[in-house]
Amino acid sequence: MWLASAPEGIGLFVPPWDEVIISLICLAITALAVAKYGVPRYLEVLDKRALAIEGGIKRAEEAEAEIAAIRAGLEGEKEAARVEAAKVREDARADAAAILAEAKTKAGEEARRIQESAQRQIDSERRSAEVSLRQDLGTLATDLAEKIVGESLKDSALASRVIDRFLADLESQTTAGKGA
Amino acid sequence: MARLWRPLLGVMDLSSISGVLAAEPGGGEGTGMHMPSIDELYPEPFWRIGTWFEFNRLDLVRLIAIGAVVLLVYLGARRTRMVPGRGQSTFELAVGFVHHQIAETAMPPAMARRYLPFIAWIFFSVLALNLTGVIPFLNVSSNALVAVPMILAVCAWIAFVAQGIRAHGAGHYFADALFPKGAPKIMYALLTPIELLSTFILRPVTLCVRLMANMIAGHFLLTAFFMMTSYLFLQASGLVKTVGILTSAASLVFVLFEIFVACLQAYIFALLTSVYIGLAKEEH
């Protein structure tokens, strides 16, 4: 058989030197592989990832804050625009009312003015018509009387007395008519 | 070459079984069965350098395990990227397990980070050397020999004592460890020897013996079932052969059990080392 004899008793726990040396070499190799190569690379990538995640979270937060700020700005602008629109509408309504009132006033004044001037014109025309009518009436009456009385009244003195009497009668009649 | 390959095949070596067969042709029940013994852990060296350096089957198994560790770490860590590939993910999972499930459970995070290379070295060395016990054709764990467990236990001992001295100064650390505060002075006559024994002697000794004994027992367990199975199938007569089905099923179960034990022992060794280091920092 290829089996060697095993140590007995406490000998089991006393490693031979060559065993220790081979074990040390083996463990040194694993130490290099695991502790010097593997784990540092693991920690390195872990840190890098943590940094990246942290950075990502920070960036996301910043972007979120920015969006919130922009949204708040937009909201403010919208509100301002709404207020301004309301104001403009209000102003326009007020202006329209003012313009309307002014127009009404002007139109009223104009109407009154036109009416007054028309009245004045009518009055003056009536007065001139009265004057002219009175003259015409006098002339017509004279002519008529001339024709009626005719030549019998050639005496101018008589004639003017008759005329004056007639006119005085007419005058008194008119005043009586007026007085009535 | 025959001298080299025969021990390599070890307990699964058919030629050694046939050797047993040849030695006892037509042997009856029980008489032809080769049962495992402690001798198997101390095979003849197949390579000698000078008069004192010998290289045997277990050394070869050890080298294979170490080679596997180096290869796997290299494959996992050669190209570390932010978004890991499959190899790197597995590597990170394994190291992350040691980081979060072992180191950080026993120490504060910053300290766990500092000690991670050490703890991971212990964990993966022990794990790789343990697992050879269940790998076909290797079939033995070199941690069944005292050397590696002892070296690692000594390293753990140095690490926690050094941590204690660094954290509290040599005087304070040993005084606090050996003379627990708050005990009546007379009790120190009892407490100090107990503390000395438990903290500075039994800790490394139990680390070493627990691992070694588990691997020896595991080897015997598996070997016994393999041997029984091969004996029952090859040599037993008649219906007794069917018992071999039972023993081979049991072999399978115990292989799974030994995989569990291999992982568990690596975990315990690493965890206890972390706990000792953590305690050395905290102790007052």
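1. In chain B, 67% of the contacts between residues at least 6 apart in sequence join residues at least 24 apart; a contact here means C-beta atoms, placed from the backbone, within 7 Å. Please keep in mind that this is a predicted model, where local features need pLDDT of at least 70, side-chain atom pairs count only at pLDDT 80 or more, and totals for chains, interfaces and linings use all residues. Residues are numbered from 1 along each chain as its sequence is written, with chains lettered from A and ligands numbered from 1 in the order in which they are written.

2. Chain B has 9 helices and 2 strands, in the order α-α-β-β-α-α-α-α-α-α-α from the N terminus. These are DSSP runs, numbered from the N terminus: helices are H or I of at least four residues, strands E of at least two.

3. Of the 284 residues in chain B, 40% are buried, that is, with 20 or more other C-beta atoms within 10 Å of their own.

4. Now to the cores, sets of buried Ala, Val, Leu, Ile, Met, Phe, Trp, Tyr and Cys residues joined through C-beta atoms within 7 Å. The largest has 67 residues, and Ile119(B), Ala120(B) and Phe123(B) touch the most other members. α5(B) gives the most to this core, with 14 residues.

5. Ala120(B) touches Val34(A), Ala35(A) and Val39(A), as well as Val95(B) and Val98(B), leaving aside residues up to four places away in sequence.

6. A second, separate core of 6 residues includes Leu222(B), Phe225(B), Met228(B) and Tyr231(B).

How values were computed. Buried ≥ 20, exposed ≤ 12 C-beta atoms within 10 Å, placed from the backbone. Contact = placed C-beta atoms within 7 Å.
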